[in-house]
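Hi,

Here is the structure I promised to pass on. Have a look at it first, and then read my notes below.

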Amino acid sequence: MEIPVNKLPGTIWYPYAQMKLAAEPLEIVGAQGVRLISSQYGELIDGISSWWCAVHGYRHPELDAALNEQIAKFAHISLAGLVHHTALRLADKLAQLLPGTLRHCFYSDSGSVGVEVALKMARQYHINQGNNDRTLLLALTHAYHGDTFMAMQASDFPEYHQLYASPGLQSHVIRINPTIDELEQAFACHGSRLYGFILEPRLQCAGGFYRHGDDFLGRARELCILHDVPLICDEVATGFGRTGSMFASETACPDIIILGKALTAGYIGHAVTVACDKIYQAFYADDVHKAFMHGPTFMGNPLACAVALKGIEIMEREHYLDKIALIESYLQQRAPYLASFPQVKEVRICGASLCAEVRDPSLLKGLQSFAAGKGVFLRPFGKNLYTMPPYVISQDDLGQILDVMEQWFNR
Ligand SMILES: Cc1ncc(COP(=O)(O)O)c(C=O)c1O
């Protein structure tokens, strides 16, 4: 029998939490399919896929087997003068899936680091061509790109990041709303000083689930070409189907794309920053100083690569994009009733995601334990009550998530 432990002794410092006030976390003792098994509430349908990465659900037999097969060979080697077949195969597969010449894969261990890698690459792309004057980064309002320092600066998330803002560096970020007018104005004023434009294409997830049109991305593509500004699409959250297409930016063909979260099916933290030929060529030279100076210890980890390859295979074979379309149409059916509650300001849906924005964050206080009491795990943030379920969820289970949201507003 497991020895009961005090879950808030401070030995684990929890994310985004005031440790003195935080509620006790639920202890998870097992997980299967779309369900977490908690010691307190029993089975819980996971409405947020472990922060959006467990898209195949838990303990998928094929994913488990892929990991076991790799572990029987070796769990890790560095890419320091070494390589392994699984990392090579994954890079090939990603190159096949991604548009244009996006085929130069730089692996790292998390989405935030993947963003850092992308920003360094974009900046050095210009430096390697003798241009050191491009010091400005274009980014969007309501952006979230991670919690490391450059990722925070690219983000627009004062609730989380204000404390760490460094005025000097912040002033290097030009921030616009995702409208074509503001975009054109930014390029007209700063085009020759920009080293990159970073955005989450189509859907800004953690920033509040705001959607912007593909025409915005299309115009960004044109302007980036015109001004030789690398277009950097952060698809850590949107990649692998979340917004309804495999990659939200696939029609725009970015210069650099960052993938994470669903990449490794929720099994192991990993990310990949993929560059197109034009970016790669700016580094490819006889001059050692033009090399890209970055190297996470766990880049290309064999277990991560093995589970990623298997996850992509399952996604293609099982036609996940069709499942995502069904999830979206079911969410659309349920949305009008949810939107009719006076507490709800707006319901926004994009692919396999739904966010009900409430009028005040206090309206969501206590929701998490209410939902758990009804067999669902949800974790709202700010004014956003949302679900991003695993793609393998059944309509009944998805219905239960929506039922719980409605019951909360109906109390
Ligand atoms: C769009 C986006 N970029 C980057 C990150 C950071 O990823 P990680 O938490 O793996 O560092 C996140 C995490 O939520 C994200 O949503």
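Strands are DSSP runs of E with at least two residues, numbered from the N terminus.

Before going on, note that this is a predicted model: local features need pLDDT of at least 70, side-chain atom pairs need 80 or more, and totals for chains, interfaces and linings use all residues. Residues are numbered from 1 along each chain as its sequence is written, and side-chain values use heavy atoms, without hydrogens and water.

Strand 1 (residues 28-32) runs antiparallel to strand 2, joined by four bridges; pairing takes at least two DSSP bridges. Gly 30 sits opposite Ile 37. The two strands make a hairpin with two residues between them, and Gly 33 in the turn has a positive phi of about 60°.

On to strand 3 (residues 42-46): strand 2 pairs with it over four bridges, also antiparallel, and Arg 35 faces Ile 45 across the pair.

**The ligand**

Which side chains make polar contacts (N or O atoms within 3.5 Å) with the ligand? Ser 112 has a polar side-chain atom 2.6 Å from a ligand oxygen. The side chain of Asp 234 comes to 2.7 Å from a ligand nitrogen, and that of Lys 261 to 3.1 Å from a ligand oxygen. Taken alone the ligand exposes 390 Å² (Shrake-Rupley method, 1.4 Å probe), and the protein buries 82% of that.

Cheers

Conventions:
A polar contact is a pair of N or O atoms within 3.5 Å; within protein, one must be able to donate a hydrogen and the other to accept it, and residues adjacent in sequence count only if both atoms are side-chain atoms.
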